[in-house]
Amino acid sequence: MKMYVKFDFNALCKKILDEKLKEHGLKYRLLNFGEVEFYESLTQEQHSIFKKNLEDYGIEIIESQRTALIQKIKDAIVELVFSEETIQVKASIYIAEKLNHSYGYLSNLFSEVTYTSIENFIMLQKIEYAKELIISNKQSLTEIALKLNYSSVAHLSTQFKNMTGVTPSQFQKIIIKRRKAQSMIMNTRVQYE
């Protein structure tokens, strides 16, 4: 049996962070985008133990402000792309307003640190979300294209193929074939039991 689940990575990380902070008895306040404000200074030992506990969950403490800002940009993009409702504002405006910096500054910093552009990162996130939506099989390609702010299914298809090597339709067929094959395997197993 298979189950498909949907993640809200920001909510998941926030919950883990909150639980771990409480577990350590630290006095804090959670802010937006993975920021924690401590009401008391942490000792070096507390910092090291807390850092190690978070690393067990794939969460790392960011030491520099530049790295923190890059993470905020990524979080804003993920929030924008994976939003339940379609946000009808340009990504550059959304990111600049969300982080209270000029888009030019954010774009240059992002490219300098990550060696890719914000636009490319947005495209990667859109294609990942498109894959999730195709796998869930609840929306047509036209609906997916609209949800992700593509001008047309053709535009989505072009970017999808450039990033994955297959079109969304081909990807959909692959998923359907895999599900049928898995179903046949499960039926065969049941017959022999």
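Me: In which helix does Gln159 lie?

Reply: Gln159 lies in helix α8, which runs over residues 153-164. Helices here are DSSP runs of H or I with at least four residues, strands are runs of E with at least two, and both are numbered from the N terminus. The model is predicted, so local features need pLDDT of at least 70 and side-chain atom pairs count only at pLDDT 80 or more, whereas totals for chains, interfaces and linings use all residues. Residues are numbered from 1 along each chain as its sequence is written, and side-chain values use heavy atoms, with hydrogens and water left out.

Me: Is Gln159 buried or exposed?

Reply: A residue is called buried under 20% relative accessible area, exposed over 50%, and partly exposed in between, with a 1.4 Å probe and protein chains only. Gln159 has 18% relative accessibility and therefore counts as buried.

Me: Which residues is Gln159 in contact with, leaving aside its neighbours within four places in sequence?

Reply: Contact means heavy atoms within 4.5 Å. On that basis Gln159 is in contact with Met123, Ile127 and Tyr150.

Me: Which residues of α8 are buried, and where do they sit around the axis?

Reply: The buried residues of α8 are Leu156, Gln159 and Phe160. They cover an arc of only 105° around the axis, so they lie on the same side of α8. The arc is taken from the directions from the helix axis to the C-beta atoms.

Me: How is the span of α8 to be read?

Reply: The expected span of a helix is 1.5 Å times one less than its number of residues. The 12 residues of α8 should therefore span 16 Å, and the end C-alpha atoms of α8 are 16 Å apart, which agrees. Just after α8, Gly165 takes a positive phi of about 90°.

Me: At what angle do α6 and α8 pack?

Reply: Two packed helices are described by the angle between their axes and the distance between the axes. Axes are lines fitted to C-alpha atoms, for helices over the stretch in contact, and the angles run from 0 to 180 degrees between N-to-C directions. For α6 and α8 the angle is about 100°, and the axes are 10 Å apart. This makes α6 roughly perpendicular to α8. Angles of 65 to 115 degrees count as roughly perpendicular, those under 35 as roughly parallel, those over 145 as roughly antiparallel, and the rest as oblique.

Me: Which residues of α6 and α8 meet?

Reply: From α6 come Asn120, Met123, Leu124, Ile127, Ala130, Lys131 and Ile134, and from α8 come Leu156, Gln159, Phe160, Met163 and Thr164. By class, this contact of α6 with α8 has eight nonpolar, three polar and one charged residues. Ala, Val, Leu, Ile, Met, Phe, Trp, Tyr, Cys and Pro count as nonpolar, Asp, Glu, Lys and Arg as charged, and the others, Gly among them, as polar.

Me: How do α5 and α6 pack?

Reply: Helix α5 (residues 103-114) and helix α6 (residues 118-136) pack at an angle of about 80°, and their axes are 9 Å apart. The two helices α5 and α6 are therefore roughly perpendicular to each other. The contact involves Tyr103, Leu106, Ser107 and Phe110 of α5 together with Ile118, Glu119 and Phe121 of α6. Five of the residues in the contact of α5 with α6 are nonpolar, one is polar and one is charged.

Me: What is the reach of α6, and which residue follows α6?

Reply: With 19 residues, α6 reaches 27 Å from its first C-alpha to its last, close to the 27 Å expected at 1.5 Å a residue. Buried residues of α6 include Met123, Ile127, Ala130 and Ile134. Asn137 follows α6, and Asn137 has a positive phi of about 60° although it is not a glycine. Asn137 lies in the loop between α6 and α7 (141-147).

Me: Where is Asn149 found?

Reply: Asn149 is found in the loop between α7 and α8. Its phi is near 60°, a positive value in a residue other than glycine. Asn149 is partly exposed, with a relative accessible area of 37%.

Me: Which residues does Lys20 touch, not counting residues up to four places away in sequence?

Reply: Lys20, in helix α1 (residues 9-23), touches Phe50, Asn53, Leu54 and Tyr57. Lys20 is buried, with a relative accessible area of 11%.
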